[in-house]
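Here is a friendly walk through one protein model, from its cores to its helix pairs and a few backbone details. Please keep the viewer open as you read.

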Amino acid sequence: MSKSIAKQTSKTLVWILLLLLIVGLGGFGVANFGGSVRTIGSVGETEISADAYARALQRELNAQQAASGAPMSMAQAQQIGLTDAVRGELITEAALDDELARLGVSVGDERVAREVMAVPAFQGATGDFDREAYRFTLEQNGLTEAEFEAMIRADTARSLLQAAIVSGLRAPETYTDTLYAFIAERRSASLLRLTADDLADPLPAPTAAQVQAQYEATPDAYTAPRTRQITYAWLTPNMMADRIEPDEQMLRELYEERLDEFVQPERRLVERLAFPSEAEAAEALAAIEAGATDFDTLVDARGLQLSDVDLGDVTQADIGGAAGAAVFALDAPGIAGPVMSDLGPALFRVNAILAAQETPFDEARETLATEAFGDRAARMIADRIIDMDDRLAAGATLEELAAETDLQLGQIAYTSTSEEGIAAYAAFREAAETVAEGDFPEILELEDGGIFALRLDAEVPPTLRPLDEVREQVTADWQAAETRRRLAELAETLQVQVNGGTELDGLGYPVTREEGLSRGGLTPPALAEALFTLAAPGDTAVVARDQAAWLIRLDAVLPPDETDPTAGLLRDTLARQAGQGIAQDLYTLFAQTLLNTSQLRLDQAAINAVHAQFR
């Protein structure tokens, strides 16, 4: 385990660091703060670089933006504790580095060189290390070779320390067995299901007071979502249909380029079983022809699965040589061979023959025209983007742009659930969610090659609809809730009888019995949850969901099924996860102990100077 942890830490930390530096810091100038602001503090004798803090902050801010789709300000980052978390990570690393320095543990130049040369971003077209790519990439990210290699050296050394701390750790067998017995436990149960048909009295119409109470109790159900009134102008390839004439020569050239799609030779579903010698292959064929065995038995006798000998659907050229000729000489499914193959003497079984298919140009023309039309329309639209952007930059409104170009004007009352028309495009939905009043319209691209620009005209916040507008929905909700309540009451009445000694089968309702259920083996999930919370056989529970209620009785608690082929995998997974958790806890405790015993110094002025770079 220690070996895997060391490898994971050595590789994962370095690759994540490199990728985030190369991708996440693009365009951000944090290479140097100048003056005396070089560190934000220290742990013992180890300093925490201001540049490292800035890069780590930028990485996290980029990650937040990628997750939410909106940039995060420094004030927001501080409010949610992101800056504290980033600083805490660097402080922990500094504490570990300080301990490594005290112990005299380091990594040699040869190991650092191997790590650097293994980075794909530093490799040339041949896959070898390219010093110029190395220098240029680091320069673009404000790092010197010495700084970067020091980071690699430190990360690798930390992995050695981590491996030394957690080496040999594994979860105690008792702990693993307890987890396994709990997770893989099985239960048998009897279930009695009640529906509205089982109620003695029909549900009456709700009174005005009951409707009002339902409306007030669940206002979220009747609240209209935030609505954004948006004006947009757009143009898609489909809108260009009447402007593009089919190009016959282009379609014929496209047909020739994709001839393999339209002209397919005969194919056969084939399996191949190779033998050490031609004599053994001939002996096997004779046994098949005599009825003494069959192809499947021969495969099994060799310790193979049919998937191991399956070639799939192949052409004669795919098999090649005499073997291909023999296989395609068969007039029907059967055995071909023995014949020499890439793996030596072999028998080939043909399971099916797929006839050759040819789609003439005239039949393929419509498909080709549709695809060619889309590509050409997208190119025509792309050629107009600069002109339309220039018009917007010059002050043209969306209305003017639609009047003067091919763009079509539209309006939408956009909500988070909108998905019709232009809202079917993810690019539009993303822009509609983030656009603000007063934003300058710009040309954006749609997934199919179309374009659009939009303007936020007004925004209506989430608003509770008047009762008169949603009375029908409120009435239906009351009826559903009242039905569920009455069914739960009936189930609880039956539960009292069962707990008093009455048999489930004697209650007059159908009873279903389930044997050896695993966790999650019942639906809805609330049923399985209730079943596995019951303490002992004979215990009962009532579950009401939607328009039904269940009375459930635990009949038996069964141990894990050791004949289940996944049992061993589950036990091993639990042991591995538990061991990793223990190792991580130990390593975290070690790092925290270092912090508690080390002298930590932070320079708030330097920290503020770093934060100022992001404002």
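In the largest nonpolar core, which has 39 residues, I40, Y53, L57, F148 and V610 touch the most other members. Helix α4 (residues 82-103) gives the most to this core, contributing eight residues. Apart from this core lies another one, of 32 residues, with Y232, I412, Y414 and I443 among them. A nonpolar core here is a set of buried Ala, Val, Leu, Ile, Met, Phe, Trp, Tyr and Cys residues joined through side-chain atoms within 4.5 Å. Buried means under 20% relative accessible area, exposed means over 50%, and partly exposed is in between (1.4 Å probe, protein chains only).

Before going further, please note that this is a predicted model, in which local features need pLDDT of at least 70 and side-chain atom pairs count only at pLDDT 80 or more, while totals for chains, interfaces and linings use all residues. Residues are numbered from 1 along each chain as its sequence is written, and side-chain values use heavy atoms, with hydrogens and water left out. Helices (H or I, at least four residues) and strands (E, at least two) are DSSP runs, numbered from the N terminus.

Let us look at L57. Leaving aside neighbours within four places in sequence, L57 is in contact (heavy atoms within 4.5 Å) with M74, L82, T83, V86, V610, H611 and F614.

Now for two helix pairs. Their axes are lines fitted to C-alpha atoms over the stretch in contact, and angles run from 0 to 180 degrees between N-to-C directions.

| Helix pair | Crossing angle | Axis separation |
|---|---|---|
| α2 (residues 50-68) and α23 (residues 604-612) | about 45° | 10 Å apart |
| α8 (residues 173-183) and α22 (residues 567-597) | roughly 130° | within 9 Å |

The angle makes α2 oblique to α23. Angles under 35 degrees count as roughly parallel, over 145 as roughly antiparallel, 65 to 115 as roughly perpendicular, and the rest as oblique. α2 passes α23 in a right-handed crossing, meaning that the near helix is turned clockwise from the far one by less than a right angle. On the α2 side the contact is made by A50, Y53, A54 and L57, and on the α23 side by I607, V610 and H611. By class, this contact of α2 with α23 has six nonpolar residues, one polar and no charged ones. Ala, Val, Leu, Ile, Met, Phe, Trp, Tyr, Cys and Pro count as nonpolar, Asp, Glu, Lys and Arg as charged, and the others, Gly among them, as polar.

The angle between α8 and α22 makes them oblique to each other too, and α8 passes α22 in a right-handed crossing. Here α8 brings Y175, T176, D177, L179, Y180 and I183, while α22 brings A567, L570, R571, L574, A575 and A578. These residues divide into nine nonpolar, one polar and two charged.

## Backbone details

Most residues other than glycine have a negative phi, and most peptide bonds are trans. The peptide bond from G337 to P338 is cis, with omega near 0°, and P338 is found in strand β9 (residues 334-341). The bond from T523 to P524 is cis, with omega near 0°, and P524 is found in the loop between β16 (511-517) and α21 (525-531).

D546 has a positive phi of about 55° although D546 is not a glycine. D546 is placed in the loop between β17 (540-545) and β18 (548-558), and is exposed, with a relative accessible area of 61%.
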